[in-house]
Amino acid sequence: MTSGRALRVGSPAGRLLLAVLLALTPLLRPMAAGAAEDWTPPTDVVQAQDEISRDIAQRQAAVEAELGDGKLTSIDIAARMRQLDRLIATASEDAAGWGFSAEQREQYARLLSDLSLDWSAYNSMLQSQPPRATDASGLPASQDLPAVADIDFSDDLLMRIQKAANELDVQMFYLQSKLGVLKLSQSDIESLKGGAGADDGSPTPPKLQELKLELARVRMAASWAQVLAAKRSCDANVALIRSMRAQLASVKGRLTFPEALLNARVASLDREIDETAVQLENGRAMLLSAASDLTKAYAAMKSADVFPLTAASSRYLERKTNTNKLEYSATFLEDKVRCLREAQDLWRKRYKLFHDQVSGQDIWQYRSDARSRMAELERQLEAIQLMKSELQRSIATMTEQAEGTDGRTRQNLGQALQNAKDTVANVLNLYSSLIPNQIFLLQTFYDEASEKLNAVRIAEKVGSFGKATVMDFLNTKLWEGEGYAVTVIKLVTALLVFISSFFLSSWGSRWIQRWILYGLPSQTTAAGAAQRIVFYVLWFAFVLIALQIVNIPLTAFAFLGGAIAVAIGFGAQNLFNNLISGFILIFSRPFKVGDIIEVDGTNGIVEDIGSRSTCIRTWESFDVIVPNRYLLENRVTNWTGSDVKKREVLKVQVAYGTDTRRVEELLTKVIRDHSKALKDPSPFVLFRNFGESSLEFEMYYWVDLTAASTMKVASDMRHHIASLFRQEGIEIPFPRTDVYLVPPIEGSEAQGTLDP
């Protein structure tokens, strides 16, 4: 198998490659962006050569007219450069004698210097230009062709043609950029001939005007020389492409594709697959080890944030880039194995195609599959290029950050940088060979399949075949009974009406819900229940209508009854259990939308009672979805079902020795002063108990749950109690234990001594 094929001229991937090349060679862009931004690479060498000739012809007459009287030989240029050296040496005295201003003196010296440099550059350009090619002798077209050429020879020619075509794309862009520079030079000359003055509007001295005009002409001459050199390169490339195309056409009729060549290609790919599989296995093992090291490095960090860089965070960054490198490498190897297996399949299909062992319908499918796969690979290549750009930006960022570090941090960051660079160089760059190679093989296969097809004849055959096949399929009987037959087209029509019934039923049921809420704003739960009932009624009615439209009786589905019953009994029993539970909740109304309930430790407001589940909005603003079956089978506390008033108990402890009556008065005052504590029922305070280290009181009060939060009310009261107790000098004690030491009895030490 050949090593690969470059991207097609004018294809999206080819343009992406061109953009990447130009991004790496920004010197091709200056002063010509405006002229080149609307240019696109040609798709054929004939079109390319026509564009070249047309663009050159548009400029040639004006350039030759402007430069016709100029002395542009190497001898004349050398004489002019010596003259400029003398003028530069006496520039200050000459400018002073002519009465130039300080600014004009500086401009005069700068013009002389620019002229000397431009003449020197132009002279070097003339001396380094190769002699003009007059024919295409020596090109591959003149070489002797083999008497019998196999498919490898054809693939090699195709690959070389594509490579030359891509080079032509870049050369054409370069030529257009130089034409843009030439256009700017022409504009400068026309402006100077028109008597353009200085920037401030003042007239330019004739000597300065002459130097400016000479400088513009030198630059025009240099640009014209570059245009002609680029034109010769493009012509040579076009001639090369035409020559190789002629070679390809001459061997097309005598190509061979022996089975031995196919077997050799498949065996070679098998070996490469085995080698890649081993690399992939090793890479996965290394990836697991790297992931473990990354976890340890993350655990060693004091913060989840990498920045500012420390020894630990830079170690984590180094491990992360290493893991990413190994992960990208494993992905590349997986893609490579896929491409190699795909290449094996393509070679087998090419062999069958070459020996006419496939039908026209199969060839049509081959072309369609190849086109889809090429589009997928081109998108993947674009994604790889974007990923490389992102990594290169990350490398630049880490390089800047490394400048302000030292020691272990700098060492880790340096390794992280190396990992990122290795990812680009040793992983992502490999895609630049793998994917174009695969596109080459697919494109070659696509072209070979296209050559086998007579476009008009195959289109007619496929069209008639497709129409007949589709109609036969649509009229296929799925089942039939007495007086009816269910076909595919009837079933499809019924399904379309069935799907439409969901939208129509949903719209109608929502209209009913809005109508109920408009007349009875407080009946939110009833409106929701009505909406669901109407939805199912309308949906069932539309289903019957759909069956009637396509003339499918209900008896046609009788055989499905047992299967549906089994499905309900096993797979769908939870679904129907929740549906039935939902209707029980809607009609029995143990709670309604807006009630505050508690179920299994979850407190919140009922947001919606659905047919399958109920939504509860907790105090933390989380939505908890509870199956309706669970609400019927477990205990549910409805805090606002019959009464929105909830009794709360707040416990308070004070130190022993405190006036208990005074504490009771203060706690009662706290309850009565709070605006959210209800006055009816009347709150009260109890002296509950003598605790181990404190006197215990309990405050009983009621709160309207629709107007206040019990937690916030209790919090406010605690703040008030703490403030009052500080003012009254009442202490809220810590847990305390008193220990009393009894003095020993005289003589007890001696009496308590035991014999050994």
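Select I596 and I605. I596 stands opposite I605, which lies in strand β6. Strands here are DSSP runs of E with at least two residues, helices are runs of H or I with at least four, and both are numbered from the N terminus. The model is predicted, so local features need pLDDT of at least 70 and side-chain atom pairs count only at pLDDT 80 or more, while totals for chains, interfaces and linings use all residues. Residues are numbered from 1 along each chain as its sequence is written, and side-chain values use heavy atoms, with hydrogens and water left out.

**The sheet**

Now widen the selection to β5 (residues 596-599) and β6 (residues 602-609). These strands run antiparallel and are joined by four bridges. Two strands count as paired if DSSP finds at least two bridges between them.

The open sheet has five, in the order β8-β7-β6-β5-β9, with antiparallel pairing. Color β8 (623-627) and β9 (636-638). Both stand at the edges with a single partner strand each, so one side of each lacks a neighbour in the sheet. From one strand to the next, the twist averages 40 degrees. Such angles run from 0 to 180 degrees between N-to-C directions, with axes fitted as lines to C-alpha atoms.

**A surface patch**

Switch to the surface view and pick I580, I584 and L632. Together they form a nonpolar patch with about 260 Å² of accessible area. Patch residues have over 30% relative accessible area and no salt bridge; nonpolar side chains are joined within 5 Å, like charges within 9 Å. The areas come from the Shrake-Rupley method with a 1.4 Å probe.

Zoom in on I580. Its place is in helix α17 (residues 573-588). Is I580 buried or exposed? I580 is exposed, at 52% relative accessible area. Buried means under 20%, exposed over 50%, and partly exposed in between.

**The cores**

Hide the surface and select F257, W347, M398 and Y431. These residues have the most contacts inside the largest nonpolar core, which has 50 residues. A nonpolar core is a set of buried Ala, Val, Leu, Ile, Met, Phe, Trp, Tyr and Cys residues joined through side-chain atoms within 4.5 Å. Show α9 (259-300), α10 (311-354), α11 (360-402) and α12 (407-451): these elements each give two or more residues to this core. Which element gives the most? That is α12, with 16 residues.

Next, pick L179, A230, C234 and I241. They are among the 27 residues of a second, separate core.

**Salt bridges**

A salt bridge puts a side-chain nitrogen of Lys or Arg within 4 Å of a carboxyl oxygen of Asp or Glu. By this rule there are 23 salt bridges.

Start with K336 and E272, whose side chains meet at 3.8 Å, N to O. This pair links helix α10 with helix α9, across 64 residues of the chain. K336 is buried at 18% relative accessibility, whereas E272 is partly exposed at 31%.

Move to R319 and D293, which meet at 3.7 Å, N to O. R319 sits in α10 and D293 in α9, 26 residues apart. R319 counts as buried at 18%; D293 is partly exposed at 24%.

Last stop: R661 and E664. Their side chains form a salt bridge at 3.2 Å, N to O. They are three residues apart in helix α19 (residues 660-673), so about one helical turn separates them. R661 is exposed at 58%, and E664 is partly exposed at 27%.

Terms used: Buried means under 20% relative accessible area, exposed over 50%, partly exposed in between (1.4 Å probe, protein chains only).
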